Amino acid sequence: MAKVGFIGAGKIGQTIAYSAMVSGAVDEAVIYDIIPELPEKYEHELRHAFATRGIKLEVLGTNSLDDVSGMDIIVISAGKPRKPGMSRRDLFVDNAKIMIDLGNKLPAKNPGAIYLMVANPVDMMASVFMKYSKQFTISAGDQVETMRMRSFIAKKLKLPVSAVDGFVGGEHGEDAVVLWSTVKIKGQPVDKYNVNKDEVTDYVKKIPGEIIRVIGGTTWGPGTIIADIIKAFALNENRVMSIATPREYEKEIIHVSAPTVVGSSIGPSLETLLDEKDRWSLNASMKDFYEVYKDNLKQLEQTMKA
Ligand SMILES: NC(=O)c1ccc[n+]([C@@H]2O[C@H](COP(=O)([O-])OP(=O)(O)OC[C@H]3O[C@@H](n4cnc5c(N)ncnc54)[C@H](O)[C@@H]3O)[C@@H](O)[C@H]2O)c1
């Protein structure tokens, strides 16, 4: 069990917090947001839900960041979401400023905590938060795409989702890549089945935009999936998940997803087990991430100086 801080009580923050709490992974939770009364009223909602389920859990909703103290893991979903038609990378400067502010404030009261980034562009926000806070930070990365991929293939082949294994890697979002060498159906290589790979890739890239267009944001999918990352950490499950852990590239810390063991310690990454083509895709993704990240950091520094 873990003490979990949730920074941001918007659509995705609420869904992750609820899902993590009812999964039995959390023994104490503090939920913080800047909107007056929002976390406090959300706390009431949670207490009502726990009453019917008989869940015993310490929970506090607050507008004071000082209350986020002594946490084991801090989940950051504070920040602007995409509007229809926007790319995640369009959010970089606005959300990076929030990460720098939080990165300056959170570590003092949370020694040893690990940070799980959710706000977009999620991998770049993890890198910014880690650069400024100097704290170990992971990104929810492509575990969300991984479950989108598995669910789509299962539906197409009319199989239970438990029959489909495999991972999506690279940067979360439009540039994520299906790591086909990891994809197995009933334990067999994907090529033994009639799977249209382009259709799978297209679905994984486009479905979040479609959900945002109609529903206004993605919540239940990523909310449950990211709660499972917290659960894997809190209950030391050692589950393999496609999250992004920090890695050095051209002297910069960057975050790009690969299948990784998630327990009370994070890692190792299993990317050495990928075939050559998938390793090449991951390397290409890192290079692309680095180029864009470097330009975005420059733009951020300019706006901070102005
Ligand atoms: N990684 C993923 O898979 C994934 C999935 C869904 C959403 N997201 C991202 O998560 C972020 C939040 O999305 P949402 O749909 O919940 O948006 P939202 O607008 O519903 O919620 C954002 C919340 O952040 C709060 N906030 C802003 N600045 C803050 C600060 N400095 N401290 C604390 N709270 C602050 C806002 O008050 C708001 O309640 C977006 O960047 C979105 O793109 C990521």
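UniProt positions are given here in the numbering used for this chain, feature names are shortened, and annotations may be inferred rather than shown by experiment. Residues are numbered from 1 along each chain as its sequence is written. This is a predicted model, in which local features need pLDDT of at least 70 and side-chain atom pairs count only at pLDDT 80 or more, while totals for chains, interfaces and linings use all residues.

**Exercise 1. Find the annotated span and the domains.**

Start with the record: an unreviewed UniProt entry carries the annotation "domain: Lactate/malate dehydrogenase N-terminal" for residues 3-134. Next, look at that span in the model. Residues 3-134 are 41% helix and 19% strand, and their end C-alpha atoms lie 21 Å apart; helices (H or I, at least four residues) and strands (E, at least two) are DSSP runs, numbered from the N terminus. Finally, divide the chain into domain 1 (3-139) and domain 2 (142-300), with bounds from an automatic or database domain assignment.

**Exercise 2. Describe the contact between the two domains.**

Begin with the C-alpha centres of domain 1 and domain 2, which lie 21 Å apart. The contact takes 34 residues from domain 1 and 35 residues from domain 2, where two residues are in contact if their C-beta atoms, placed from the backbone, lie within 7 Å. Now take the side of domain 1 that touches domain 2: the elements giving two or more residues to this side are α1, β4 (73-76), α3, α4 (122-133) and β6 (137-139). Its largest share, seven residues, comes from α4.

**Exercise 3. Work out where the ligand lies.**

First, list the surroundings: 29 residues surround the ligand, and the closest are Gly10, Lys11, Ile12, Ala78 and Asn120. A residue is near a molecule if its C-beta atom, placed from the backbone, lies within 6 Å of it. Then assign elements: α1 (11-22) and α3 (92-105) are those that give two or more residues to this shell. The largest share, three residues, comes from α1. To conclude, both domain 1 (3-139) and domain 2 (142-300) give residues to the shell around the ligand, so the ligand lies between them.

**Exercise 4. Follow the contacts of Met117.**

Leave out residues up to four places away in sequence.
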